[in-house]
Amino acid sequence: MSGWSFYQKSYIPGAIFAFLLGIILIIFFLRKKYKKIIPPTVVILSLATTIYGFYSALDYLKENDYYNYLFCTIIYETCLRPSEIKGLKVSNINLKNNTITVYPEVKKTTKVIKTDIIPIYPTLKKLLSELKLDQQPKSHYLLGCYTNII
């Protein structure tokens with residue numbers, strides 16, 4: 001992956017988002033349509049294999065591409081879209097209250113446009129704490145630059 005261009009690496013977060021969404025849709029579809037044919041244990045074993053592959057990919061990214069590791073971890077922990085994550089500023093993250101505020105201007109158009117408050121769980125809080133957000137300017141984007149996080 002080290003020889004990949006910025007353009008190629010920019011597809012990783014979107015691919016992870018689509019992958020996770022795909023898992024949810026496949027399980028829902030299989031259980032709804034074929035619940036008499038496919039036993040739940042087969043679905044669970046398939047899911048476990050897929051999740052193991054996902055965590056292996058995250059481990060690889062952690063060692064080789066920290067930007068995309070952080071990006072994909074935020075997708076996984078918050079279910080935010082990649083475009084919403086790119087719009088997050090340091091001021092949107094409150095580690096004291098364990099929340100991320102997503103304003104309507106960075107959200108994909110929906111029927112109801114409102115500010116969302118997303119909880120920060122311990123795994124993500126640890127990662128965000130390592131970035132020392134309290135020492136960063138509040139107007140900076142969290143993942144605004146591929147070569148430099150914050």
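## Strand pairing

In this predicted model, Asn94 stands opposite Thr99 in strand 2. Strands here are DSSP runs of E with at least two residues, helices are runs of H or I with at least four, and both are numbered from the N terminus. Strand 1, residues 93-94, pairs with strand 2 in the antiparallel sense over 2 bridges; pairing requires that DSSP finds at least two bridges between the strands. The hairpin of strand 1 and strand 2 has 4 residues between the strands, and Asn98 takes a positive phi near 55° there.

Strand 2 also runs antiparallel to strand 3 (residues 116-119), and 4 bridges join them. Val102 of strand 2 stands opposite Asp116 in strand 3. Along strand 2 (residues 99-102), Thr99 and Thr101 point one way, while Ile100 and Val102 point the other way; all are buried. Buried means under 20% relative accessible area, exposed means over 50%, and partly exposed lies in between (1.4 Å probe, protein chains only).

## Nonpolar core

The largest nonpolar core contains 27 residues, and Ile100, Leu128, Leu142 and Leu143 have the most contacts inside it. Helix 3 (40-64), helix 4 (66-78), strand 2 and helix 6 (122-130) each supply at least two residues of this core. Helix 4 gives the largest share, 7 residues. Such a core is a set of buried Ala, Val, Leu, Ile, Met, Phe, Trp, Tyr and Cys residues joined through side-chain atoms within 4.5 Å.

## Cysteines

The model has 0 disulfides, a disulfide being a pair of cysteine sulfur atoms within 2.5 Å. Cys72 counts as buried because its relative accessibility is 0%. Cys79, with a relative accessible area of 62%, is exposed.

## Whole protein

The protein has 6 helices and 3 strands. Read along the sequence, they follow the pattern α-α-α-α-α-β-β-β-α. Among contacts (heavy atoms within 4.5 Å) between residues at least 6 apart in sequence, 54% join residues at least 24 apart.

Of the 150 residues, 31% count as buried. The protein exposes about 9,800 Å², of which carbon and sulfur atoms supply 61%. Accessible areas come from the Shrake-Rupley method with a 1.4 Å probe, and for residues only the protein chains shown count as cover.

## Basis of the values

Residues are numbered from 1 along each chain as its sequence is written, and side-chain values use heavy atoms, with hydrogens and water left out. Local features need pLDDT of at least 70 and side-chain atom pairs count only at pLDDT 80 or more, whereas totals for chains, interfaces and linings use all residues.
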